[in-house]
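Subject: Structure handover

Hello,

Here is the structure I promised to pass on. Please load it first, then read the notes below.

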Amino acid sequence: MISALFPVAANMIVVLSSNYELSGFGCLLYFVSTDWMIAYALRFITEYCGYKYRKTIWERLVGAICGIDTVALFLNPWFFHAFNLEEIVLSNGHVYFKYYSLWYHYIHLAVSYLLTMICIIILIVKLVKTSALYREKYTVILFSAFVVAIWELYYVFNRSILEYSMIAYALFPILVYFFALVYKPYIATYRLFNEVLTNISEAILFFDPDNVCIYVNKRGQEILDYAGRTQEGAWDYAVEVMAGGDKFTMQDILSEGYYQCIRDYSIGVEKFTFDLELHRIVDKKDHPIGAFITARDRTEEQKRLNKERYLATHDTLTGLYNADYLYSRIEKQLIENPHQRYVIVASDIKGFKMVNDIYGRETGDDILIKIAELIRNAATGDTLYGRLGNDKFGVMLQRDKYRESIFSGDIQRMTHLREDMFYPIIIHMGVYEITDRRITPSVMFDRAFLAVATIKNDIQKRIAYYDSNLREDMLWEQRISGSIDAGLDAEQIIPYMQPQVNADGEIMGVELLARWMHPTEGFLRPKQFLPTLEKNGYVVRLDSYMWERACRTLKRWEENGWNDMYISVNISPLDFFFVDVVEIMTKLIDQYEIEPKKLRLEITENTMMYDAKRRIDTIDRLREMGFIVEMDDFGNGFSSLNMLKDMPIDVIKIDMAFLEETRDVSRAKQILESMIVLAKHLTIPVITEGVETQEQLEFLINMGCDMFQGYYFERAIPIDEFEKKYIRQGNCRIVPGSGTTQED
């Protein structure tokens, strides 16, 4: 605005002065100040449009051009190359001097119009790129600059007597001032706020002090229309929704100045959730101006939260409680009802994996859904139930409402029928009456599943009850499992030896058997701890320990010149799953430098039940290394003959218990004789263990049995005792009948 004052003032000097020199100075000042006015306009417009200009090469270039033009114009009084003056007499007799252009004046005009065109181009580019909301503030400035340029051009070429373009020179900076400093922060901001309020996703309603709605944005109008309300009734509708059944008036809220709430509200058949806020507006003197209400529709968000909350507490397949939420509900119910007696019922589907394998996952899921529906229909009162995972379900109900018939009805009679295939769904259930509320619900269900485990293989009995004996068995297993590592490290596991003799009583070798001198449980025989170790996999470490003790003993025997006997060790089926038996045996043989044939390996046919081909390959590798492989408990399984056909074994061991576990001893003896004869035909030696009487010995000798093991010869005894009794004295022969009929 200041730069525009100079050309206006210079023009006034020219118009009002009748002096030649003063008029010439006015024209000179007019031309020079016009350059710098346009230069300042260019700087303003560039930065106004958001482009960097100050302290750039473009600012220096424009300044240099204007500076050169200024110097050239100030040389005009000496060279008269830009303009000259002519006397003009007006009709009223007033005399003034008007300039007429010479050759350099046109160069000056070219510079001025070049800078002006740059300003116009910058404004046009900004207009194309900017939002329609802001175009007006650029359009007016562009129009003003264009009008000034055309007006000035018209005067130059029209040669009119008076310079009317100065009106535009005065008007242009005023328009720039208004649109740059007034329009932008006020009118444009108002339009922006209006645009935001109109398109915002929240509903906004403004009210005057008399509670008349004076503004509703687009979203607010949609809600009013959907609810069948008008803008005139907006206040009453807001009161209805915000009150939510509470006894208060909107005046109570207005007196506080602010109120916020979340309300569920039904519009027709649809339910909505609104987050509502009311703000009272006052002036500086605390006089009421009005109020505004914002309503954010949280319906979808609430649905999502409800879904997430449901998924966090319910099983996605069956819709029942999941395990964690069921446990928390049980804990809460037990606390709230300390005197009420409850029972826990846990269910497990027998062979459910087979159902999935045969019929597919979709069919398995359908069965689980049906079971869940049966449980849901059978539940009454405060019964809690849920899916604990996979095919396991859990229920807690009052003790006086528990009946076996509830769980032995439709649930137990459930079957699966697909096309022409019928598959019975066998569900076992365990029941635990809650007697100890200090334990967690998960432990309560563990006890119920412990009861299930006792009937897992029984298709007739479907419901079992947890009792103290089961608990003692569980605690026993925990004690045994928890102390096996310490027992091995402290060598509480003691290797015992039981001789294997020929028909003459000569000791050919021994079987290494484990006994446990437990620090708290006392002396434990294998049948007391082996089942537990086999169940939890600790038998693998026990076997490795016994193999090492056997090799250590064989090495000592060799060093003492006792080279005639072998030691037979047991290999559990689990050993093949968890360790590399070949690698371990190789390391032991190399470490103790003993012959592999002196360390015999006893396996059972159960070893071949899984991945038989790989097991056979492993046994072949062991035999190639020189180990002798014995099949233990031959005849006790269902596939011994099949195993005998394919399995590479060197010795067969038959247990005399085969004769005791039958109703027809005569038939059993015939089968036993046939097995021994078959082995003879296959040139496989036979060892019979469990020999306890002279009659049994004579019977086996007559059948052609090669070797014997049992109490009739010798019980299992510690290594030191065996060595002292039979090896150190050179007495490696046992008189039949010198043993005992039972183990001490």
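Is aspartate 297 buried, partly exposed or exposed? Aspartate 297 is partly exposed, with a relative accessible area of 28%. Please keep in mind that this is a predicted model.

**Overall picture**

The protein chain has 744 residues, and 46% of them count as buried. It holds 27 helices and 24 strands. Take the contacts between residues at least 6 apart in sequence: 61% of them join residues at least 24 apart.

**Salt bridges**

The structure holds 37 salt bridges.

Start with the partner of aspartate 297. Its side chain meets that of arginine 219 in a salt bridge, at 3.0 Å from N to O. This pair links distant parts of the chain. Arginine 219 sits in helix α8 (residues 218–226), and aspartate 297 sits in strand β7 (residues 288–297). The two are 78 residues apart. Arginine 219 has 23% relative accessibility, so it counts as partly exposed. The cut-off matters here: buried means under 20%.

Next, arginine 298 and aspartate 275. Their side chains form a salt bridge at 3.9 Å, N to O. This pair also links distant parts of the chain, 23 residues apart. Aspartate 275 belongs to strand β6 (residues 270–282). Arginine 298 is buried, at 12% relative accessibility. Aspartate 275 is buried too, with a relative accessible area of 13%.

Which residues are linked with Asp275 and Arg298 in a network of salt bridges? Arg296 and Glu301 are.

Then arginine 541 and aspartate 485. The closest N and O atoms of this salt bridge are 2.6 Å apart. Arginine 541 is in helix α19 (residues 539–559), and aspartate 485 is in helix α17 (residues 468–489). The pair therefore ties together parts that are 56 residues apart in sequence. Arginine 541 is partly exposed, with a relative accessible area of 35%. Aspartate 485 is partly exposed as well, at 31% relative accessibility.

**Cysteines**

How many disulfides does the structure hold? The count is 0. Cysteine 27 is buried, with a relative accessible area of 2%. Cysteine 261 is buried, with a relative accessible area of 5%.

**Helix α18**

Helix α18 spans residues 526–536. Its buried residues are Pro526, Phe529, Thr532 and Leu533. They cover an arc of only 155° around the axis, so they lie on the same side of α18. Lys527 and Lys535 are exposed on the other side.

What covers the buried residues of α18? The cover includes α17, β16 (507–518), β17 (522–524) and α19.

Just after α18 comes glycine 537, with a positive phi of about 90°.

Aspartate 286 has a positive phi, near 65°. It lies in the loop between β6 and β7. Asparagine 390 also has a positive phi, near 50°. Its place is the loop between β9 (384–389) and β10 (392–398). Asparagine 390 is exposed, with a relative accessible area of 61%.

**Surface patch**

Which residues make the nonpolar surface patch of about 400 Å²? They are Met1, Ile174, Tyr177 and Phe178. Tyrosine 177 is found in helix α7 (residues 166–199). It is partly exposed, with a relative accessible area of 40%.

Best wishes

Note on methods. Residues are numbered from 1 along each chain as its sequence is written. This is a predicted model: local features need pLDDT of at least 70, side-chain atom pairs count only at pLDDT 80 or more; totals for chains, interfaces and linings use all residues. Side-chain values use heavy atoms; hydrogens and water are left out. A disulfide is a pair of cysteine sulfur atoms within 2.5 Å. Buried means under 20% relative accessible area, exposed over 50%, partly exposed in between (1.4 Å probe, protein chains only). A salt bridge is a side-chain nitrogen of Lys or Arg within 4 Å of a carboxyl oxygen of Asp or Glu. Helices (H or I, at least four residues) and strands (E, at least two) are DSSP runs, numbered from the N terminus. The arc is that of the directions from the helix axis to the C-beta atoms. Contact means heavy atoms within 4.5 Å. Patches are made of residues with over 30% relative accessible area and no salt bridge: like charges are joined within 9 Å, nonpolar side chains (Val, Leu, Ile, Met, Phe, Trp, Tyr) within 5 Å. Accessible areas come from the Shrake-Rupley method with a 1.4 Å probe; for residues, only the protein chains shown count as cover.
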